[in-house]
Amino acid sequence: MPLSLGTAKAASGRIVYGTFDLLEHPTGGVEQLPVVIAQGSPRGPTFWLSAGIHGNEHAGLQVLHLLLSRELAKQLDGTIVCIPALNPAGLRTMEREAYYHRGDPNRLFPEPRPPRPRDFDVEPPSVLELGYGRLFSEIRSTADFWIDLHNTWTGSVSMIFRDRIYYRDTGTSAEKKAARTEAEKLDQRVGEMCRAYGHSVLNEMGCDAYFDEKLHRSTTGAAVNVARIPALTMELGTGHMPDPAIVRASVAGLKNVLRWAGMLDGKPEPIEGIKIADPGFPCRRRGTPRVTVPCVVRHLVEPGTIVEKGDPIAEVRDIWGRPVAEKILRSEYDGWMMGHSHGIVHYPGKAISGMGVRDEIPTVLPYPPGFFE
Ligand SMILES: [Zn+2]
């Protein structure tokens, strides 16, 4: 059976186009996801590439348009299944969310735990969640790898968000060991994908925050933790106006991952024209430092810069321009600056930057106690 998704049917040596029905509108008509399938030899692996689940993040769309071509299809050992716009409603309105689902669309993919009995006081799953559920079944049954493309803030660096791999630490000691070994193998593949892509790397938040923020239900959170597919989230800097250097470096990085997966010949290409932060130790992402008073900040550290604990991060002033509170906010951590939160005028408690901070949490972890109860 040739691989297909919606109306797109893979054909060896060709690039084909089609649509996948996501949901039906009450006004008539259907919300369709665009689908592109590029296939060389059908015997190789199947690599899923997606972008645009947040409708105001547009760089991934350009990366995929530049990457996918008839020439690439001919060279491939395997198949690329591509959805360049996972959230067409958000893309049309240039909003992060879709107007038919209130909340982050990247928190709607299946849970690792069985569904709870229906609570009739709680809203049922939205049409978007149901549509993504059907799409995820297709991914689960065909994908060997998956990369999902995003953007963070204006001026932020290009980077990888790497999900931790969770396993069930229950049963006999042999079962626990087997679960851990399987998770470690997957984590190793994920690490190799990071190195092949070659941009800066940040591990996802640690255990509690990850589940509290429902990141285990993001595209790649569900890919690794539900479907056990090696997957990564790529953050491509500024979203509303793609940075051409990051777009080029992402195309090169994706080709390098395809080479690593054995789907494309040739030596890895150098990743050029972007900042790559490597402080020499693994880092996880964290919103920091936070302001303690209502204020206006002036940033002192460019995204991509290595930072030491105590380094000045920003000047803090009141609206009249007088230094207030700490006067200078300093870094609480060793790490690197990934980007600045939008805006310079903040209420107390706001994290003014995202940083990579030293990560001592393992990348393979047991699910938190009681998670499956
Ligand atoms: Zn995003």
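The protein chain has a radius of gyration of 21 Å, which agrees with the value near 21 Å for a compact globule of 373 residues; the radius is taken over C-alpha atoms, and the globule rule is 2.2 Å times the number of residues to the power 0.38. This is a predicted model, in which local features need pLDDT of at least 70, side-chain atom pairs count only at pLDDT 80 or more, and totals for chains, interfaces and linings use all residues. Residues are numbered from 1 along each chain as its sequence is written, and side-chain values use heavy atoms, with hydrogens and water left out. Let's take a tour, topic by topic.

**The whole chain**

- You can find eight helices and 20 strands in the protein chain; helices (H or I, at least four residues) and strands (E, at least two) are DSSP runs, numbered from the N terminus.
- Along the principal axes, the C-alpha atoms fill a box of roughly 70 × 55 × 50 Å.
- Buried residues account for 54% of the 373 residues; buried means under 20% relative accessible area, exposed over 50%, and partly exposed in between, with a 1.4 Å probe and protein chains only.
- Of the contacts (heavy atoms within 4.5 Å) between residues at least 6 apart in sequence, 76% join residues at least 24 apart.

**The zinc site**

- His 54 (ND1), Glu 57 (OE), Glu 57 (OE) and His 150 (ND1) coordinate the zinc ion at 2.0 to 2.5 Å.
- Donors here are N, O and S atoms within 2.8 Å of the metal (3.2 Å for Na, K and Ca), and sites may look incomplete because water is not among the atoms.
- Along the chain, the zinc donors follow the spacing H-x2-E-x92-H.
- His 54 lies in the loop between strand 5 (41–51) and helix 1 (59–67), while His 150 belongs to strand 7 (residues 145–150), so this pair, 96 residues apart, links distant parts of the chain.
- His 54 is buried at 3% relative accessibility, and His 150 is buried too, at 2%.
- The site is irregular, with angles of 56 to 155° among its four donor atoms.
- Four donors count as tetrahedral if all angles lie between 85 and 135 degrees; four count as square planar and six as octahedral if opposite donors are over 155 degrees apart and all others between 65 and 115; anything else is irregular.

**Helices to look for**

- Helix 5 (residues 173–197) has 25 residues and reaches 36 Å from its first C-alpha to its last, close to the expected 36 Å; the expected span is 1.5 Å times one less than the number of residues.
- Among the buried residues of helix 5 are Ala 179, Ala 183, Leu 186 and Val 190.
- Pro 244 is in helix 8 (residues 244–260) and is exposed at 52% relative accessibility.

**Strands side by side**

- Strand 13 (residues 295–299) is mostly covered, with four of its five residues buried.
- Strand 13 pairs antiparallel with strand 18 (residues 345–346) over two bridges; strands pair if DSSP finds at least two bridges between them.
- Cys 295 has His 346 in strand 18 as its bridge partner.
- Strand 13 also runs antiparallel to strand 15, joined by four bridges, and His 299 stands opposite Ala 314 in strand 15.
- Strand 15 (residues 312–317) pairs with strand 16 (residues 323–330) in the antiparallel sense over four bridges, and Pro 312 is partnered by Arg 330 in strand 16.
- The hairpin of strand 15 and strand 16 has five residues between the strands, and there Gly 321 takes a positive phi near 100°.
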